[in-house]
Amino acid sequence: MLLGRVMHAVGAAGAVGGAMMLASKVTECSVDGNVPVHIGKWIDGWSKGRTSFHKNDVNPTLQKYVHTILPASSILVPLCGKTLDLGWLAAQDGVDVVVGTEAVEQAMLELEREPGSILGFQKIPAGDANRPLRFAAWAGAVMKPGNKSTSVGRVHILEGDHFVLDQVDLPPHRGTSPQMPGSARVSAVWDRASLVAVRPQDRSRYVEVYERVLAPKGKILLSTLSYDQDAVNGSPWSVDETEVRSHFRPPTWHVKKLTSQPAEVGKFKSLRINSCLAQYESHEPDQHT
């Protein structure tokens with residue numbers, strides 16, 4: 001699959017198929033329960049094993065630049081699929097919980113079955129105090145290197161529509177109170193090729209989610225790809241540095257370019273892999289103290 005080769009080039013370690021469903025994913029609380037055709041396509045792909053976009057190692061861009069978003073007690077990984085980045089991040093020093101969002105249940109079922117770094121990964125029963133009302137939720141634990149008996153990080157995946165994500169849906173983490181809904185904003189975000197999976201008309205809403213769930217001064221490590229969009233109809237969409245800055249605008253955001261590397265994959269002309277760091281500057285003090 002050409003898409004699979006592109007995602008390998010950009011270093012997208014998780015389920016880009018799930019990422020491409022964001023615009024209209026039906027969540028658990030949908031009224032009619034109908035699944036849009038384009039979502040059904042990706043659910044079908046997962047069920048038949050068409051997941052060549054999944055990588056069996058940790059994203060190299062993440063490994064190179066993770067220091068730019070640490071220290072962080074809580075890290076969001078949007079459109080996470082079954083990426084190994086989840087467990088790797090949870091094992092980092094100072095990280096209490098890694099929160100993923102994913103639209104395709106099959107990704108979690110495969111993660112549940114696969115042996116790996118996430119221990120006891122399973123679906124949280126409905127009615128459990130740790131399960132948000134608007135999402136199904138999955139959780140597991142990760143042992144930290146050097147202290148495998150007591151030092152534990154957590155992985156918590158929210159199954160549903162990323163666009164409706166808000167503070168109240170996030171699990172509590174170190175320094176927050178379970179008795180204070182909305183106090184558990186994430187400290188950082190690892191966005192690996194998720195933005196390029198979102199339709200251009202939905203990008204502003206996508207950034208608004210970050211402004212709802214990211215703590216003041218929180219940082220996003222953002223990996224995108226850019227190419228001649230005229231050569232390709234549809235996703236993954238070309239998102240260059242200029243496009244990133246057009247959505248992460250000052251004074252709300254401060255964006256720093258980290259790197260831009262050329263790559264050659266199929267019909268994607270002038271392909272470049274881009275990495276940026278976006279810091280959230282603006283907030284309302286009375287809501288996020």
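Analyst: Gladly! Let us begin with pairing: two strands pair if DSSP finds at least two bridges between them. The strands themselves (E, at least two residues) and the helices (H or I, at least four) are DSSP runs, numbered from the N terminus. This is a predicted model, in which local features need pLDDT of at least 70 and side-chain atom pairs count only at pLDDT 80 or more, while totals for chains, interfaces and linings use all residues. Residues are numbered from 1 along each chain as its sequence is written, and side-chain values use heavy atoms, with hydrogens and water left out.

User: What makes S7 and strand S9 a pair?

Analyst: DSSP finds 8 bridges between S7 and S9 (residues 272-280), and at least two are needed for a pair. The two strands run antiparallel. Leucine 222, for instance, stands opposite cysteine 276 in S9.

User: Which other strands are joined by bridges, and how many bridges are there?

Analyst: S3 and S4 are joined by 3 bridges and run antiparallel. S4 and S5 also run antiparallel, with 8 bridges.

User: What is the order of the strands in the open sheet?

Analyst: The 9 strands are ordered S3-S4-S5-S2-S1-S6-S7-S9-S8, and their pairing is mixed. S3 (119-123) and S8 stand at the edges: each has a single partner strand, so one side of each is left without a neighbour in the sheet. From one strand to the next, the twist averages 15 degrees.

User: Which helix packs on the sheet and touches S3?

Analyst: That is helix H6 (residues 105-113), which touches strand S2 (97-102), S3, strand S4 (136-143) and strand S5 (152-159). Touching here is contact, meaning heavy atoms within 4.5 Å. The direction of H6 makes about 150 degrees with that of S3. For such angles, axes are lines fitted to C-alpha atoms, for helices over the stretch in contact, and the angles run from 0 to 180 degrees between N-to-C directions. Helix H7 lies across S1, S6, S7, S8 and S9, at about 150 degrees to S7.

User: Why is cysteine 80 called buried?

Analyst: Buried means under 20% relative accessible area, exposed means over 50%, and partly exposed is in between (1.4 Å probe, protein chains only). Cysteine 80 has 0% relative accessibility, so it counts as buried. Cysteine 276 is at 4%, so it is buried as well. Across the 289 residues of the protein chain, 55% count as buried.

User: How do you know how many disulfides there are?

Analyst: A disulfide is a pair of cysteine sulfur atoms within 2.5 Å. By this rule the count is 0.

User: Why are the buried residues of H7 said to be on the same side?

Analyst: In H7 (residues 203-213), the buried residues are Arg203, Tyr206, Val207, Val209, Tyr210 and Val213. They cover an arc of only 140 degrees around the axis, so they are on the same side of H7. The arc is that of the directions from the helix axis to the C-beta atoms. Their cover includes strand S1 (74-77), strand S6 (186-192), strand S7 (214-226), helix H8 (241-247) and strand S8 (253-262).

User: Is threonine 61 buried or exposed, and what does it touch?

Analyst: Threonine 61 has a relative accessible area of 14%, so it is buried. Its place is in helix H4 (residues 60-65). Not counting residues up to four places away in sequence, threonine 61 touches Trp190, Leu221 and Ser275.

User: Where are the cis peptide bonds, and what is omega for each?

Analyst: One joins leucine 70 and proline 71, with omega about 0 degrees. Proline 71 is in the loop between H4 and S1. Another joins proline 250 and proline 251, with omega about 5 degrees, and proline 251 belongs to the loop between H8 and S8.

User: Which residues have a positive phi without being a glycine?

Analyst: Among them is alanine 193, with phi about 60 degrees. Alanine 193 sits in the loop between S6 and H7 and is buried, with a relative accessible area of 1%. Lysine 217 has a positive phi of about 70 degrees, and lies in strand S7.
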